[in-house]
Amino acid sequence: PERLIGSSYATLRVQLSAPGVVYYLATPQDDAGAVADAADDGPHVVIANVTTDERRAVPTPEEVRLGVLAFLNDTDSDPSNDSDDAYRYAFGSGALVAGTLDVTSANEVFSVNVTGLNPQSHNDIWVVAANASGGNAALQTHVALQSFRTRKLPPGFRNVTGEDGLSTPTPALHVGATAASVSAALDEPGRVYLAVQSASAQALTSAQVRTKAAANESGTCAKLVPSANVEHVVPVGCPVFNLSQATSYAAYFVVEGLGLTFVTHGEPPLSLTPFSWHFITADNASPRGAAAAGAATSDGFTISATSTKNGLAFFVVVASENENDAANGQTLPPSFLEVLHGVGANGVAPEAMGSFVLNGTGGNVTGASAASASAPADAANGSVAVRGLPSSSSFDAHVVVVDAGAYFLAANLNANLSDPDTEAVARAVAEAAAPRNVNATVLSV
């Protein structure tokens, strides 16, 4: 047999000269004290003969087979009873994991993933083959032994595939106005820890993150990732609440193995360094604004807008007769999202659409101060010239205001804010209900 070793598992690969059954049984390794190792599980010595009290650290082929069956049948409900099979074949009751592998054809490799081994520690896997299942089957006359030490690594992360078939890597950070969460899918059971603190505070080490989260300090989270989530690739979310709006934070996230499953020697493996993110929480206060039209020419006019918060103004221009055509099902006014996506009511095609930046020293406010304030003299403001319209015609312009928080979250933080990614803003508002002026301003020109 060959083995591929992980942090708490090993892949056992077997190939037989004829079809048969393979019994495998994993126990803590017995090095008889030859190695001075604090993580050594010590000897796994069993009673091989209850009559003579013979004790042996190496099983016979029959003891491996019966030990596997005892382990699988879980017969040792009463450890004080020395007459039941699990006590007599203590390699079963003392095993970490055991199982059988059906080899249905000769000279082909068959594999099984042996999970539940002692992480960062010594393990033995005892393997014996039989020509068939059952007590009358002919066993091999020797036991194959695989001795190894599992890797001292924490669980790894896996990608999550959604219903649309797209694969999303984990861990992934999700940010709201007063909360943040990290979701993660692991390749084996473990624990995850999250700590969120001010972006200006000193960075945390992995051990500090675990200590804070395990103590349930403010701004932390600790979650178990059980085997069912690992098997079905279901991520676990680790949330932190009671954050402040429009505030810079740093998040630190680590993963830890479950430690030894047989005895408690050694430290469970922990991420060497934390995953870290710097982020700004959303600002849920909608901006207050106003819009006006002026400077009409033969083919257009100017739209100007002010806002209590720096951001963007989106607009659509539609022919007045389109909006008043009841036969075509048009209604007044278009919704906020319709204007945001550049269409009139019920999706009617506009004569013109676009956006322009609103900036001002008085618009650099957040939260409740922006929600309660009227637009000051130095509020955020901007304008755009609309051209190319038919002359001597009547139009309605619809304007909505989106605050800067939307594109802080949606676009690159290092982007030029005088020319923001308007598509990213629209996407952020549509998908995440980012701050906005819900009531569209209607201008008749």
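A disulfide is a pair of cysteine sulfur atoms within 2.5 Å. This is a predicted model, in which local features need pLDDT of at least 70 and side-chain atom pairs count only at pLDDT 80 or more, while totals for chains, interfaces and linings use all residues. Residues are numbered from 1 along each chain as its sequence is written, and side-chain values use heavy atoms, with hydrogens and water left out.

The structure holds one disulfide, formed by Cys-221 and Cys-238 with their sulfur atoms 2.1 Å apart. The torsion about the S-S bond of Cys-221 and Cys-238 is about -115 degrees, so the disulfide is left-handed. Because Cys-221 lies in strand E15 (residues 220–225) and Cys-238 in strand E16 (residues 236–240), the pair ties together parts that are 17 residues apart in sequence; strands are DSSP runs of at least two residues, numbered from the N terminus.

The structure also holds five aromatic pairs, where rings of Phe, Tyr and Trp (its six-membered ring) pair if their centres lie within 6.5 Å, planes under 30 degrees apart counting as stacked, over 60 as edge-to-face and the rest as tilted. Two of them are tabulated here.

| Pair | Centre to centre | Angle between planes | Type |
|---|---|---|---|
| Tyr-249 and Phe-279 | 5.9 Å | 25 degrees | stacked |
| Phe-253 and Trp-277 | 6.5 Å | 55 degrees | tilted |

Tyr-249 lies in strand E17 (residues 248–257) and Phe-279 in strand E18 (residues 275–280), so this pair ties together parts that are 30 residues apart in sequence. Phe-253 and Trp-277 also belong to one aromatic cluster with Phe-157 and Phe-275.

Definitions and conventions:
Helix = DSSP H or I, 4+ residues; strand = E, 2+ residues; numbered from the N terminus.
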